[in-house]
Amino acid sequence: MDIEQLRQLSTVAELGTVSAAAERLRISQPALSRSIVRLENELGCPLLERTGRRVALNHAGRTALEYARSILHEERLMRIALDDIANRSRSLTVGTVAPAPLWRLTALSVERFPDRMLSSRTMRQQDVEREVIDRDLDLGISLKPLRYPAVRCCHLMDEVLAISAPDDHPFAQRESLTFADVDGEDFLLMGGIGFWRGLVDEKMPHSRFLVQEDRVVFERLSATSPLLGFVTDAAYLAGETPGRTVVPLDEPQARARFWLLANADGDAQALELFDWAETQADQSTD
C-alpha cells in the first residue's frame, strides 16, 4: 500500500466512477482498476460496490477512506513544511534601514547568485545591529559601520536626497535648498522609505506629507502634482521626470552612507554574498 493508492481511492470515492477518476489522475482506467484491486487484496477486504459503471464505497471502504484522507492530509502538511524549510534554506533574511541599498544588494545577489532569494524587513538602526549580532538576520544594512569583533562590515553605497519641484515653482529656480527653506511646504512622499521618513519629519515639522504606498501611482502623481517631492541619486530611483526640476539639498543629513553587516559566524551563503558585495564596493571606489 502506498500514498498514491490512497489518493486513488479518495478520487474514486469523490467522482463515483473509475473512468472519471482515471481521467483526473491521468492514468488509464484498467491501470486504476488494477491498483484498486491490489489495495483491496492488501487490506484483505473489498472496498467498493460496483453497479454498472458507477462505484460506491462499502462499509470497509468508508472506514478506509476516513483513514486515507487523514494520511493524505498529513502528507500535504509534511510537504508544506518541507517546502518551507527548502525555501528558507535558499532565502537570506536582510534587515535594512532604507529601500535603495536593499535594491543595490539585490542587484548584486542576482548578478552573482541568481538562484538565491532575499527576504527583507525595513527596520530601525538599533534593531538591525542587534539582530545581526544575535544572528536573527543573515545580513543587515546600516547607516553606520558596526565595529564589533563578531560582525563583518563593508561600505555598500551612498545616497543623496534632493528636492523635486514643478518647473513653475519658485524653488525650481534655486541653486540649492535647505530643510529650513522647505519646512512648511506640502510634499508628495513615497511610503516605505525607512529612516528618510524620520529625517524629514524631524527637519520639517511644519510640512504636510501626502504618502503614497503604490510606486506606480506615486510616479504618475509625481508627473502631474503641484506638490514638492523628494528624489535621490540612487540608480533605482533617479531619473528625469518631465515638468519637474531637481534641486540639491545643501544639508549634511541629506547624504547617507550605507554599510552592509554580517555576523562573522553566520550563514555561509550570506557570507558569500557579503564577500561579493565587498569586492564590488571596493571596485566602485577605485
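User: Which side chains meet in a salt bridge with a 2.8 Å N to O distance?
Analyst: Arg-121 and Glu-131. A salt bridge here is a side-chain nitrogen of Lys or Arg within 4 Å of a carboxyl oxygen of Asp or Glu.

User: Where do Arg-121 and Glu-131 lie?
Analyst: Arg-121 is in strand E4 (residues 117–122) and Glu-131 in helix H6 (residues 125–133), so the pair ties together parts ten residues apart in sequence. Helices (H or I, at least four residues) and strands (E, at least two) are DSSP runs, numbered from the N terminus.

User: What should I know about the model itself?
Analyst: This is a predicted model, with residues numbered from 1 along each chain as its sequence is written. Local features need pLDDT of at least 70 and side-chain atom pairs count only at pLDDT 80 or more, while totals for chains, interfaces and linings use all residues, and side-chain values use heavy atoms, leaving out hydrogens and water.

User: Back to that pair. Is Glu-131 buried or exposed?
Analyst: Glu-131 counts as buried because its relative accessibility is 11%. Arg-121, at 37%, counts as partly exposed. The cut-offs are under 20% relative accessible area for buried and over 50% for exposed, with partly exposed in between (1.4 Å probe, protein chains only).

User: How many salt bridges does the structure hold?
Analyst: The structure holds 17.

User: What does Arg-208 pair with?
Analyst: Arg-208 forms a salt bridge with Asp-186, and their closest N and O atoms are 2.9 Å apart. This pair links distant parts of the chain, with Arg-208 in strand E8 (residues 208–212) and Asp-186 in strand E7 (residues 186–190), 22 residues apart.

User: And why does Arg-208 count as exposed?
Analyst: Because its relative accessibility is 59%. Asp-186 has 27%, so Asp-186 counts as partly exposed.

User: What about Arg-197 and Asp-201, how are they placed in helix H8?
Analyst: They are four residues apart in helix H8 (residues 195–203), so about one helical turn separates them.

User: New topic. Where is Asp-2?
Analyst: Asp-2 sits in the segment before helix H1 (3–15). Asp-2 counts as partly exposed, at 41% relative accessibility.

User: Which backbone nitrogens does its side chain reach?
Analyst: The Asp-2 side chain reaches the backbone nitrogen of Glu-4 at 3.1 Å. A polar atom of the Asp-2 side chain also lies 2.8 Å from the backbone nitrogen of Gln-5.

How values were computed. A polar contact is a pair of N or O atoms within 3.5 Å; within protein, one must be able to donate a hydrogen and the other to accept it, and residues adjacent in sequence count only if both atoms are side-chain atoms.
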